[in-house]
Amino acid sequence: MESQTELLLQRRFNTIGKYSPLFYEQPIHLARGEGVWLYDTDGNKFLDCYNNVPHVGHCNSRVVNAITQQASTLNIHTRYLHENIVNYLERLTSTFSEPLNAAMLTCTGSEANELALRMARFLSGSQGIIVTDAAYHGNTEAVGELGTGFMPEAQTTKRVRSFPIPDTYRGLPNVPPEALKDAYLKHIEVAINAFQEEGLGVAGMLVCPDFANEGLLNIPEGFLEEAAALVRAAGGYVIFDEVQAGFGRTGKHMWAHQWYDVVPDIVTMGKPMGNGFPLAGIVSNLDNVNAFTKHAMYFNTFGGTPVACAVGNAVLDALEEDNLLENAVTTGQYVTEGLLNLQQEFDLIGDVRSRGMFFGVELVLDKTLKTPAKKQAKQIVNLMRHHGVLISTIGPDDSVLKIRPPMPFKPEHADILLNALAKAFTAVSEEV
Ligand SMILES: Cc1ncc(COP(=O)(O)O)c(C=O)c1O
C-alpha cells in the first residue's frame, strides 16, 4: 500500500509538475516548526540548519502576533496613508549608512532586484549589468538574465556580462595569490570596455556582498571596493543583493556589505525580512527614488501593506530584543571552530568558510587539485537528514555544504549539527 507521503508526492507531480524543485531523495513531509526545529507528519524532529527565511525562528510568537493583530484590524495597499509603512521604513533605513535613506517595498527578492535593475538603467541611461559567472538573483525575465548559475535567460542576453567568481580558495589558473585581486579586477574592466564598445554602456554591477550562491566565498581584500570604483567611474550603479546575506546573518553588522569599505547605491533585500511573510524591497537614496518614481510610477499591490510592515517591525524587534546578531557572532564562532576540527579529521573537507551564522564547507576529492566532491556533498546532505539535521549544498559544482540555520541557533544545537556531520563524514569517507 502506498503511504500518505507517496500519495501526496504523486498528487504534487500531477499538479505542480515533476520538475518543481523538491529537496532530498526521499522528500520530507513537514507538519510544523518551532524555533530551530521542524517536525514531519510522523512526528520526527529535524534540526533546521538550512532555512534563513524563518530568520528569527519558525513560528516566532512576535511575528505570529503581529500578523494576527494587524490582519484583524486593517490590511490594505499603500495608496492610503498608514503609519506602519512609515514607521517601518524609518527604522529600516536607519540601519544603513548615509546616503541610503529611502526605501520601496515589494513581495519577493526577484521583484526587488527587478526594481533595482529598472532604477539603475533609468538613472544611468545605460543597459549593461555586471554579475558573477555563478549568480542567481531571482526568477523574473530581466532578473533571469543575471542568473549565470543556471537560468536560461542568462545564456542569450546581451545586456549582462559576467566575471569569474572572486574566490581566494580556488583562485585563477596561473595567478599567484598576491596577484588575484588585480586579475579579477581585470575581468571587471573587460566587461566595462565591452559594454562601452557595444554602445550599451554600464548601468551597474549587481552582486551579493557575501557571494552566497557562489559558495559563500572569501574574496581578495580590496576587490569589492575597487570593483565598485571601476563601475562608478564608468557611470554605473553599485547594487548589492542582500536577499540572503542581510538582516544580521553575518553577525557583526546588520548588512553584509558593511564588512567592506563601500556604500552601495542600491541594496535589495527579501527572504528573512518577513520571516516567511512575503516582504522584500530596496533601499537607496531619496533623490534616486524620487527621480525614478517621477518617471515610472511604481505600485505593488501587496508590497508594504500594514500587515507586511507590522511583520517587518516584529522581525526587527526579535533581532534586537533577543540579541540575535551577538548570538550569530558567538555561536557562529563555536560552529566554525567545530567545522575546522572536522577539517583536521576528514580529507574530504578542503575549505571551511564562515561569516556569522552562515557556513560553507567545501568538499574536494583531492586537497591539491581541489576536485569538487559533488557526489559526496549530496551523500552528506542525505545522511544528515537521516541523522535529523537539515543542510544543503551551493556553489557552481554543488560541492559546498550550505549551513545557514535560523538565527536563534545556539551552541547546544551546534553540538547536534557537529556530531551528525562527524558521523556522515565518517560514513562517506569510508567509501572514497
Ligand atoms: C541572492 C538572491 N537574490 C534574490 C533571490 C530571489 O528571491 P525570491 O525567491 O524571493 O524572488 C534569491 C532566491 O533564492 C537569492 O538567493
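At what angle do helix α4 and helix α9 pack, and how far apart are their axes? Helix α4 (residues 109–124) packs against helix α9 (residues 286–295) at about 90°, and their axes are 10 Å apart. Axes are lines fitted to C-alpha atoms, for helices over the stretch in contact, and angles run from 0 to 180 degrees between N-to-C directions. Helices (H or I, at least four residues) and strands (E, at least two) are DSSP runs, numbered from the N terminus.

The angle makes α4 roughly perpendicular to α9. Angles of 65 to 115 degrees count as roughly perpendicular, under 35 as roughly parallel, over 145 as roughly antiparallel and the rest as oblique. From α4, Leu 115, Arg 118, Met 119, Phe 122 and Leu 123 make the contact; from α9, Asn 288, Val 289, Ala 291, Phe 292 and His 295 do. Contact means heavy atoms within 4.5 Å. These residues divide into seven nonpolar, two polar and one charged. Ala, Val, Leu, Ile, Met, Phe, Trp, Tyr, Cys and Pro count as nonpolar, Asp, Glu, Lys and Arg as charged, and the others, Gly among them, as polar.

This is a predicted model: local features need pLDDT of at least 70, side-chain atom pairs count only at pLDDT 80 or more, and totals for chains, interfaces and linings use all residues. Residues are numbered from 1 along each chain as its sequence is written, and side-chain values use heavy atoms, with hydrogens and water left out.

**Helix α10**

Helix α2 (residues 61–71) packs on helix α10 (residues 306–321) at about 155°, with axes 8 Å apart. That makes α2 roughly antiparallel to α10. Their crossing is right-handed. The contact residues divide into 11 nonpolar, one polar and three charged.

Helix α3 (residues 83–93) also meets α10: the axes come within 8 Å and cross at roughly 35°. This crossing is left-handed. A crossing is left-handed if the near helix is turned anticlockwise from the far one by less than a right angle, and right-handed if clockwise. Pro 306 and Ala 310 of α10 are among the residues that touch α3. Both are also among those that meet α2.

**The ligand**

Residues around the ligand include Thr 108, Asn 113, Tyr 136, His 137, Asp 241 and Lys 271. Each has a heavy atom within 4 Å of it.

| Residue | Its atom | Distance to a ligand oxygen |
|---|---|---|
| Gly 109 | polar backbone atom | 2.9 Å |
| Ser 110 | side-chain N or O atom | 2.5 Å |
| Gln 244 | polar side-chain atom | 2.9 Å |

**Backbone notes**

Most residues other than glycine have a negative phi, and most peptide bonds are trans. The bond from Glu 98 to Pro 99 is cis, with omega near 5°. Pro 99 sits in the loop between α3 and β4 (102–106). Asn 174 has a positive phi, near 60°. Its place is the loop between β6 (160–163) and α7 (180–198).

Technical notes. A polar contact is a pair of N or O atoms within 3.5 Å; within protein, one must be able to donate a hydrogen and the other to accept it, and residues adjacent in sequence count only if both atoms are side-chain atoms.
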